[in-house]
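Entries follow in the order I took them.

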Amino acid sequence: MTDPLLRTPLAATHEALGAKMVPFSGWLMPLQYEGLVAEHLHTRASAGLFDLSHMGRLTITGPDAQTLLQRATTNDVDRLEPGAAQYSLICNDEGKVVEDLLVYRFSDAWRLIVNASNRTRVVENLNELAARLECDATVVDETFDLALIGVQGPASEPALQPLVREELSGLRYYHAQRRSLTIRDVDAIVSRTGYTGEDGFELVVAAGAAAQVWNRLLEDRRVRPVGLGARDTLRLEAGMALYGHELTEEVTPFEANLGRVVRLDKGSFTGREALADLKRGEPGRKLVGLSFEVGAVPRAECPVNRDGQRVGAVASGTFSPTLHHPIASAFVEGDAASEGTNLTVTIRNSEAPARVVSLPFVPHNTRPKGVL
Amino acid sequence: MSEGTTVPDGRRYTKEHEWALVDGDVIVIGITDFAQHELGDVVYVELPRVGGRVAAFKEFGVVESVKAASDLYSPLTGEVVAVNGDLGEHPELVNESPYDRGWMMRVRAEDLAELDQLMDAQAYRQLIEQG
C-alpha cells in the first residue's frame, strides 16, 4: 500500500487534459476525462484513445523462445507466422487460469502483452520454466522502456493512417507490423487488436515518443481520450474477460468459454494433464451473460439465484451505455446457465430479475479474420 | 477537484455532500454539484417510499453511477412526503441539474433545529476546496 504509484510516460499528459486519476494495479491511471458514458459512446461511434502503458510488455528471444512459450501457454504458438498474434492463457498444474495474454511472433523475437497485475508473476513463471526445461531463452521486461497506446473505434484507421507511412488497410485483425511513423525518428509496432469489440489498433512506441504520438492522434477531431472506466464497460459489452473477474486462479478455461485457446493436441504444456481431464468432464458452471431491465446495477460477487436457490455469482456488472440497461457476466451452475433462463441477482437485499443471454452483449465490429 | 462546481447560498450541506433547502414547512433534499461530478454519470437512484421515515445522518437511498453504488445520507429526521419520480426514467437529471430538477426527496422535519448542525454554503465550499 505504501509503494508509490507507477506513472506511465503519459501520466502528465492525462493530468494536463484534466483526467481523474486513480490507482490501478499499482499504476496511476486516468479513470475518465470528459465522462465515462460520453467516452464509451464516442469510441463506438468514432475513435477512442487509450493509454495502456500499465500493461506488461515482455520480449522473449533466444533459440528456445518458441519452445518456452509453447510449454508455458495453452494456445499453439507454432500456428503463428511472423507478424501474427494470438490470445492465450497461462494455466497452473491444476488447469486454473494464472494469466490471459497476447502472444506476438516477430521474425526476431516473441512479444507478450500481459496484465499489469500479473506482470512480475509471469516473468518469474517464464524464468522458472526456462530453467527447469533448460531452455536457452531470455525474458526481458520492457514495460518501462515502452508505451502502449490504443486507438479503437470505426474511425481508428482513418485517424491513425496519417501517422503511419505504410497503408493500414492491408493490416489484418490479430496481425502486427513494425512501421515507421511520420513523426521524425519514431517507429512503432502497429497491431490490429483491441479490447472493445471495435476495429482498432494498439501501438508500441518508445516511452520517450509516447506523448508526441498521443498528441498527434488527438489533433484529429474524431479522436477523444478514453479512461479505464469506459475501457471496462466497452470490454464487458464486447463479452471480453478481465483478469481478476472472469478469469482467476479459481476458474478453468472451459468454464470461461475459452476452450478454443486450449490446444491439447500441441504436445506438453503446463496444466495439460489437468485440462485434458477437465475437458472430458462437464464444467460444473459456465460464464454467461445476464441482461437486466433498467434498475439497480449488479456488481461483482452479487449472488445469482433461480427459484430462490443460489446458482452462481456475478463476475462483472455494469450499466451498459450502448444498451441503456444493466448487464453482467456471471458464473452459473448446471442448466441454469442455458440461454433464456430467468434468474435473479441479489442487489442490496433485493432480487433483480435477469435473463441469460448470449455473449457478446454488443456485436463486434472488428475486421474479418474471425474472432481469435 | 472543486473547480467549476457550484454551491448555492441559502441551503445547508452535509459532509457526505447532500444539500437541504427549506421550502415552506418541508425540506427538499438532494446531492451537490460536487457530488454528482465525483460520481460521474448517474444511471439509477433508489429512493425511500413516500410515508416512510428517514433519520439524520442515516442512509435513505442509493445513487448508482456506471462505476459504483454510493449511499445517500439524510441531512435530518422526518417523514418522506414526496420523492422525485422523474429520476426513475431520467437519473441523469442528478448530473444535469443537481440543485433543481435532480432533487431527491421532500421531508417533513421533526426538528428544524437539526438544520443548524449542517454546514452553510461557505463552510461547505471550504470543505470541498480542502479536498
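Contact, as I use the word here, means that the C-beta atoms of two residues, placed from the backbone, lie within 7 Å.

Ground rules. I am working on a predicted model, where local features need pLDDT of at least 70, side-chain atom pairs count only at pLDDT 80 or more, and totals for chains, interfaces and linings use all residues. Residues are numbered from 1 along each chain as its sequence is written, while chains are lettered from A and ligands numbered from 1 in the order in which they are written.

Entry 1: Phe331(A). I looked up its contacts, leaving aside neighbours within four places in sequence. The list is Glu255(A), Arg285(A), Leu287(A), Gly312(A), Ala313(A) and Ala315(A). I then asked: is Phe331(A) buried or exposed? Phe331(A) is buried, because 22 other C-beta atoms lie within 10 Å. My cut-offs: buried takes 20 or more other C-beta atoms within 10 Å of the residue's own, exposed 12 or fewer, partly exposed in between, with C-beta atoms placed from the backbone. I also checked Ser316(A): it is 15 residues from Phe331(A) in sequence and 9.9 Å away in space, C-alpha to C-alpha.

Entry 2: strand 18 of chain A. Phe331(A) sits in this strand, residues 325-333. Elements are DSSP runs numbered from the N terminus: helices are H or I of at least four residues, strands E of at least two. Strand 18 of chain A is mostly covered, with seven of its nine residues buried. Next I looked for its partners. Two strands pair if DSSP finds at least two bridges between them. Strand 15 (residues 285-292) of chain A pairs with strand 18 of chain A in the antiparallel sense, over seven bridges. Arg285(A) has Glu333(A) as its bridge partner there. Strand 17 (residues 309-320) of chain A also pairs antiparallel with strand 18 of chain A, over eight bridges. Here Phe319(A) is bridged to Pro326(A). The hairpin of strands 17 and 18 of chain A has four residues between the strands, and His324(A) takes a positive phi near 65 degrees in it.

Entry 3: a sheet in chain A. I found an open sheet of three strands, order 1-3-2, with mixed pairing. Its edge strands are strand 1 (6-7) and strand 2 (20-24) of chain A, each pairing on one side only. Strand 1 of chain A runs parallel to strand 3 (residues 27-32) of chain A, joined by two bridges. Arg7(A) has Leu28(A) in strand 3 of chain A as its bridge partner. Helix 7 (residues 228-237) of chain A packs on the sheet and touches strand 2 and strand 3 of chain A. Its direction makes about 70 degrees with that of strand 3 of chain A. For that angle, axes are lines fitted to C-alpha atoms, for helices over the stretch in contact, and angles run from 0 to 180 degrees between N-to-C directions.

Entry 4: helix 3 (residues 65-72) of chain A. Ala65(A), Leu68(A), Leu69(A), Arg71(A) and Ala72(A) are buried. What covers them includes strand 6 (84-91) and helix 4 (119-132) of chain A.

Entry 5: chain B against chain A. The contact takes 10 residues from chain B and 14 residues from chain A. Strand 4 of chain B gives the most to its side, with three residues.
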